[in-house]
Amino acid sequence: MTAATGISRSRHATGELVRLDRERILHPLLPDGRQDRTVLVKGEGCRVWDADGREYLDASAVLGVMQVGHGRRELAAAAAEQLGRLDYFHTWGTITNDRAIELATRLTDLAPPGLDRVFYTSGGSEGNEIALRLARYYHHRKGASGRNWVLSRHTAYHGIGYGSGSLSGSPVYQDGFGPVVPNVHFLTPPHPYQKQWYAGEDPTDFCVRELEATIEKIGPEHIAAMIGEPVMGGYGAVVPPADYWPRVAEVLRRHGILLIFDEVVTAFGRTGRWYSAEHFGVVPDILVTAKGITSGYIPHGAVLVSEEVSEVVGAEGGFPIGFTYTGHPTACAVALSNLDIIEKEGLLANATGTGAYLAAGLRSRLLGLPAVGDVRQIGLMLAVQLVSDQETGADLPGGTLRVADALREQAGILVRNNAHALIVSPPLVLDRSTADKIVDGFCFVLERLGTDGS
Ligand code: PLP
């Protein structure tokens with residue numbers, strides 16, 4: 001079948017590929033006992049195909065990455081052109097390259113005012129490692145080395161490096177991996193749906209009161225920074241109340257604590273803006289990006305740094321440490337071409353418009369079903385929270401994986417899931433008729449789902 005469809009270029013039949021995969025690859029997040037594999041071989045727009053020629057609708061944009069959709073020849077051409085010219089060089093010391101300079105200029109021109117410098121990485125975890133180092137080093141250079149605590153939030157996801165994993169607010173990133181990076185304190189995140197977390201109080205009031213009490217307890221002279229996803233992605237498109245970030249930023253500023261926004265998911269149009277910080281009217285000191293910067297065609301990331309921080313950490317735009325691939329010209333060339341597409345095709349506006357359309361469809365067809373608790377959305381960042389009890393919002397017994405599997409098997413739709421929600425984050429090129437297909441597929445599967453998870 002694979003040879004007949006001409007889709008797969010593999011020398012192996014599908015069964016053989018699955019066997020080799022089982023024997024040779026250590027898979028992240030492989031559920032216990034799973035022997036099956038979906039061997040993907042081709043992508044185009046919002047669709048991907050497996051080695052047997054079966055088509056899937058990629059309602060996850062891979063992992064919230066693929067802004068411009070699969071199969072964009074422009075990005076392949078940009079990479080090929082750059083590989084044929086200056087394939088790769090580092091940007092350590094005084095060495096630099098035209099693509100890294102052009103991209104840094106573009107990123108900082110698009111950014112909220114004040115974020116003037118770029119440190120390049122190859123992904124989101126690396127970006128948060130650098131953010132943590134920048135924050136502690138900044139205070140060290142200012143003679144305040146005692147400021148080494150970092151505030152994060154329960155349920156946050158910041159990656160799986162030792163630093164970034166230690167900032168991630170779920171035990172799975174720490175248990176069994178110890179000792180993890182010390183001096184991290186987790187706060188309650190603002191989650192308007194989880195009213196029981198706030199004991200009847202307004203979520204922002206609760207969170208700000210907790211923040212102030214924590215600063216007083218640890219001592220502001222010991223705290224370097226607070227890190228947060230402006231909109232939590234991995235936990236399921238958790239959009240905070242409008243006053244949360246402005247009030248948090250004010251408290252931090254008052255105590256000389258840096259604010260780090262982890263925009264690994266939210267930047268580059270995912271929420272309908274270049275950077276989601278724009279929604280909240282807050283400019284962080286450090287802003288971490290990755291994923292959508294190249295739509296995942298090649299690994300890349302950029303940490304945007306305020307003038308104040310960059311001037312303190314190194315004279316003349318320097319920082320004492322760097323990655324091998326920092327400022328990779330081919331990654332930068334792909335990023336520039338990707339940003340061109342986002343701009344030319346109006347994908348920010350499409351994320352806003354089609355995102356609202358998709359959310360309206362999901363809400364009108366799903367809310368009211370016994371196992372659907374909440375549908376959240378900002379731009380093309382959505383989540384459908386599944387519950388066993390509408391009153392308490394308790395999770396489905398057995399989790400959501402079976403539902404994500406059913407969407408794939410019964411409706412041909414690929415989504416991510418966490419313990420509580422299905423995460424819907426399609427490519428930003430999504431059109432309304434494809435959005436309708438997502439709604440129909442969700443409806444088909446969730447109408448048959450009981451609150452006992454069966
Ligand atoms: N930060 C956030 C908010 C993320 O969602 C992710 C990945 O999903 C990361 C950091 C880690 O990025 P990476 O997997 O590129 O290391």
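What you're looking at is a predicted model, where local features need pLDDT of at least 70, side-chain atom pairs count only at pLDDT 80 or more, and totals for chains, interfaces and linings use all residues. Residues are numbered from 1 along each chain, as its sequence is written.

**The sheet**

Let's start with the strands. Helices (H or I, at least four residues) and strands (E, at least two) are DSSP runs, numbered from the N terminus. Two strands pair if DSSP finds at least two bridges between them. Strands of a sheet pair through backbone hydrogen bonds, either parallel or antiparallel.

Here, 7 strands make an open sheet with mixed pairing, and the order is β4-β10-β9-β8-β7-β5-β6. β4 (115-121) and β6 (184-187) sit at the edges with a single partner strand each, so one side of each has no neighbour in the sheet. From one strand to the next, the twist averages 20 degrees. Angles run from 0 to 180 degrees between N-to-C directions, and axes are lines fitted to C-alpha atoms, for helices over the stretch in contact.

| Strands | Bridges | A bridge pair |
|---|---|---|
| β7 and β8 | 4 bridges | I227 and I260 |
| β8 and β9 | 3 bridges | F261 and L287 |

Two helices pack on this sheet. Helix α5 (residues 98-110) touches β4 and β10 (301-306), and its direction makes about 130 degrees with that of β4. Helix α6 (residues 124-141) touches β4, β5 (149-153), β7 (223-228), β8, β9 and β10, and its direction makes about 165 degrees with that of β9.

How much of β8 is buried? A residue is buried if 20 or more other C-beta atoms lie within 10 Å of its own, exposed if 12 or fewer, and partly exposed in between, with C-beta atoms placed from the backbone. For β8 it's 5 of the 5 residues, so the strand is largely enclosed by the rest of the structure. L258, I260 and D262 point one way from β8, while L259 and F261 point the other way.

G124 lies in helix α6 and counts as buried, with 27 C-beta neighbours inside 10 Å. Contact means that the C-beta atoms of two residues, placed from the backbone, lie within 7 Å. Leaving aside neighbours within four places in sequence, G124 is in contact with G159, V264, V288, A290, K291 and G301.

G124 also turns up around the ligand: of the 15 residues there, G123, G124, S125, G159 and V264 come nearest. Helix α6 gives the most to this shell, with 3 residues.

**Helix α14**

Which residues of helix α14 (residues 401-411) are buried? They are V403, A404, L407 and A411. After α14 comes G412, whose phi is positive, near 65 degrees.

**N338**

Finally, there's N338 in helix α12 (residues 329-344). N338 is buried, with 25 other C-beta atoms within 10 Å. Not counting residues up to four places away in sequence, N338 touches Q67, V68, L75, T294 and S295.

Terms used. A residue is near a molecule or strand if its C-beta atom, placed from the backbone, lies within 6 Å of it.
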